[in-house]
Amino acid sequence: MPANRVSISRRAAALGALALAGSLLTAAPAHAGGGNGTPSGAPTAAATPKNDGAKGICKRLPKTEERITKALERLNGDATVVGSVARLQQRAGEAKAAGHSEIETYLNNRLTARKALVTNLQARQADLKAVGTWCAAHGEGTGK
């Protein structure tokens, strides 16, 4: 690389480092706290979120509940329902009976994940009931 290009890239790197240092020095007093009468680390009015998404969550609540209910119905279905835990258990049992140990291992790992999904969705369903109560109390969206 020619010497001229090396010196240009070094100058650019030095200018970038200088700019970064300058911006850090000017930003430091703003984060020190205490300037507006609040203790350091306490949220100020500007730091308080203006929109936590509650309106959107409440608006989507019916569809979200519907999707979770539908998924749980499928997962808790009997062995004839595609995607159910029972069907996957049946398939793993059939693989074991046929002596397909690799397939059985694969299906059992999927079964473990699917059972965990059921637990997760049940927890979400319970959380959504509390969210629905909050939305009703605060008069937030109820549309689909």
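**Briefing: disulfide, buried serine and nonpolar core**

At a relative accessibility of 4%, C135 counts as buried (under 20% relative accessible area, with exposed meaning over 50% and partly exposed in between, for a 1.4 Å probe and protein chains only). The model is predicted: local features need pLDDT of at least 70, side-chain atom pairs count only at pLDDT 80 or more, and totals for chains, interfaces and linings use all residues. Residues are numbered from 1 along each chain as its sequence is written, and side-chain values use heavy atoms, leaving out hydrogens and water.

**Disulfide**

- A search of the whole structure finds 1 disulfide (a pair of cysteine sulfur atoms within 2.5 Å).
- This disulfide joins C58 to C135, with an S to S distance of 1.8 Å.
- C58 lies in helix α2 (residues 54-75) and C135 in helix α4 (residues 101-138), so the pair ties together parts that are 77 residues apart in sequence; helices are DSSP runs of H or I with at least four residues, numbered from the N terminus.
- The link of C58 and C135 is left-handed, with -80° about the S-S bond.
- C58, the partner of C135, also counts as buried, at 2% relative accessibility.

**S84 in the loop**

- The loop between α2 and α3 (85-97) contains S84.
- S84 counts as buried, because its relative accessibility is 0%.
- A polar atom of the S84 side chain lies 2.9 Å from the backbone oxygen of D78.
- Not counting residues up to four places away in sequence, S84 touches R74, L75, G77, D78, A79 and R114; contact means heavy atoms within 4.5 Å.

**Nonpolar core**

- The largest nonpolar core has 14 residues, of which I68, L72, L107, V118 and L121 touch the most other members (a core is a set of buried Ala, Val, Leu, Ile, Met, Phe, Trp, Tyr and Cys residues joined through side-chain atoms within 4.5 Å).
- Helices α2, α3 and α4 each supply at least two residues of this core.
- Neighbours within four places in sequence aside, L107 is in contact with L88, R91, A92 and A95.

**R110 on helix α4**

- R110 lies in helix α4 and counts as partly exposed, at 29% relative accessibility.
- Apart from neighbours within four places in sequence, R110 is in contact with L88 and R91.
- The C-alpha atoms of R110 and Q89 are separated by 9.7 Å, and the two residues are 21 residues apart along the chain.

Note on methods. Polar contact = N/O pair within 3.5 Å; in protein donor to acceptor, adjacent residues only side chain to side chain.
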